[in-house]
Amino acid sequence: MDLAFTPEEQAFREEVRTWVNAHLPADIAHKVHNALELTREDHQRWAKILGIKGWLGFGWPKEFGGPGWTAIQKHLFEEECALAGAPRVIPFGPVMVAPVIMAFGNAEQQQRFLPGIASGEVWWSQGYSEPGSGSDLASVKTRAERQGDKYIVNGQKTWTTLGQYGEWIFCLVRTSNEGKPQTGISFLLIDMKSPGVTVRPIIMLDGGHEVNEVFFDNVEVPANNLIGEENKGWTYAKHLLSHERTNIADINRSKRELERLKRIAQREGVWEDSRFRDEIAKLEVDVVALEMMVLRVLSAEKSGKNSLDIAGLLKIRGSEIQQRYSELMMLAAGPFALPLIREAMEAGWQGDFPGGEVGNAPLSSTYFNLRKTTIYGGSNEVQRNIVAQVVLG
């Protein structure tokens, strides 16, 4: 395993850093560095800037219009974007469904869907989880019945992140009840403007609207929106989840937030508390260890070895680190982390009262929000079982 970057890779890092610093809007970077709420327009503005450069699909091969970067170049790109304060690329289109369309879609589907994803023009959502199907995706009940040249879809998806912005949604749907549950699932692309699609907000503890329920009531979907073969969707879902779990580890954001934690601790006067610094030091050790694990994956990919066996480990450690840094930030700010009046924040107030720092107000909200990380994308308990079976035998 070689963890040293080559001169060519270092030069690539500098190229990315220079470009990002020149093109990332300052108001968006300010929001990201202070954990202030990003609007749909903020996300779309940055996505379209990347799209014009050809970097929104940063993991895509050249044959599909991507830059054709190596795994290490992709890592360096994500790291430089995160450290500069760029919003995380909303993964549902370019990181999740696009690789499935490339690998299993036909030429017509690739020509139809990929350009809108690459440009940042089309917002995609993910339709996996259901009220009774979270980590156990094989139990999905949303039904798609074939009628001639179309499917009739009925059912419900839940926890659909930013689904209120979605224009298209990729869904796991049940097309057969025969055999094992996994064998009757198909992968379907659905236009969210179709009659019968209803998006209902799930309002969170802080009053925020991040997740949704999506209902399908006799929704007609053209049969040519089926990816691959009918009843083979479980195979395609696993392909997508391998991308999602490494994405969830989000080591680059953790590195940025670690530095933010240190700034908050210094500003709030707890930096001189040796016990608190000990907690920051332990977190930093975990962040470095996770980064080494990510670099091990990159090193394996660089040498052509299969590295997906530890995707679960990346998800477990990455999600736990996100929870830990959010907890320490809230502890550092103390009572200044608690007040969160959404109406006031939407009007421009961000906790900038005497004795507080800009960006303190969302800290408790972030803390509660990140409790979800050890559940979504396959709960950590399930991931540990998978690691035990696949890695330990």
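Colleague: Where does Lys-141 lie?

Modeller: Lys-141 is in the loop between strand E1 (124–127) and strand E2 (143–147). Helices (H or I, at least four residues) and strands (E, at least two) are DSSP runs, numbered from the N terminus. The model is predicted: local features need pLDDT of at least 70 and side-chain atom pairs count only at pLDDT 80 or more, while totals for chains, interfaces and linings use all residues. Residues are numbered from 1 along each chain as its sequence is written, and side-chain values use heavy atoms, with hydrogens and water left out.

Colleague: Why is Lys-141 called exposed?

Modeller: Buried means under 20% relative accessible area, exposed over 50%, and partly exposed in between (1.4 Å probe, protein chains only). Lys-141 has 63%, so it counts as exposed. Its C-alpha atom is separated by 8.2 Å from that of Gln-156, 15 residues apart along the chain.

Colleague: What makes Val-390 partly exposed?

Modeller: Val-390 has a relative accessible area of 45%, and therefore counts as partly exposed. Val-390 lies in helix H13 (residues 380–392).

Colleague: Which residues form a nonpolar patch with Val-390?

Modeller: Ile-386, Val-391 and Leu-392 form the patch with Val-390, and together the four have about 340 Å² of accessible area. Patches take residues with over 30% relative accessible area and no salt bridge; like charges are joined within 9 Å, nonpolar side chains (Val, Leu, Ile, Met, Phe, Trp, Tyr) within 5 Å. Areas come from the Shrake-Rupley method with a 1.4 Å probe; for residues, only the protein chains shown count as cover.

Colleague: How many salt bridges does the rule give?

Modeller: The count comes to 28. The rule asks for a side-chain nitrogen of Lys or Arg within 4 Å of a carboxyl oxygen of Asp or Glu.

Colleague: How do you know that Arg-260 and Glu-257 form one?

Modeller: Their side chains meet at 3.0 Å, N to O, and the limit is 4 Å, so the pair is a salt bridge. Arg-260 and Glu-257 are three residues apart in helix H8 (residues 251–267), and so are separated by about one helical turn. Arg-260 counts as buried at 4% relative accessibility, and Glu-257 counts as buried at 6%.

Colleague: What makes the pair of Glu-284 and Lys-262 a link between distant parts of the chain?

Modeller: The side chains of Glu-284 and Lys-262 meet in a salt bridge of 3.1 Å, N to O. Glu-284 is in helix H9 and Lys-262 in helix H8, 22 residues apart. Glu-284, at 29% relative accessible area, is partly exposed; Lys-262, at 15%, is buried.

Colleague: Why does Asp-250 count as buried?

Modeller: The relative accessibility of Asp-250 is 12%, so it counts as buried. Asp-250 forms a salt bridge with Arg-253 (2.9 Å, N to O), and Arg-253 counts as partly exposed at 22%.

Colleague: Which residues touch the most other members of the largest nonpolar core?

Modeller: Trp-46, Trp-124, Tyr-128, Phe-170, Phe-187 and Leu-189 do, in a core of 81 residues. Helix H9 (residues 274–302) gives the most to this core, with ten residues. A core is a set of buried Ala, Val, Leu, Ile, Met, Phe, Trp, Tyr and Cys residues joined through side-chain atoms within 4.5 Å.

Colleague: What does Leu-189 touch?

Modeller: Not counting residues up to four places away in sequence, its contacts (heavy atoms within 4.5 Å) include Val-97, Phe-113, Trp-124 and Phe-170.

Colleague: How do you know that both faces of E1 are covered?

Modeller: Trp-124 and Gln-126 on one side, and Ser-125 and Gly-127 on the other, are all buried.

Colleague: What makes E1 and strand E4 a pair?

Modeller: Two strands pair if DSSP finds at least two bridges between them. Four bridges join E1 to E4 (residues 168–174), and the two strands run parallel. The bridge partner of Trp-124 in E4 is Trp-168.

Colleague: What is the phi of Trp-159?

Modeller: Phi of Trp-159 is near 60°, a positive value in a residue other than glycine. Most residues other than glycine have a negative phi. Trp-159 is in the loop between strand E3 (150–157) and E4. At 54% relative accessible area, Trp-159 is exposed.
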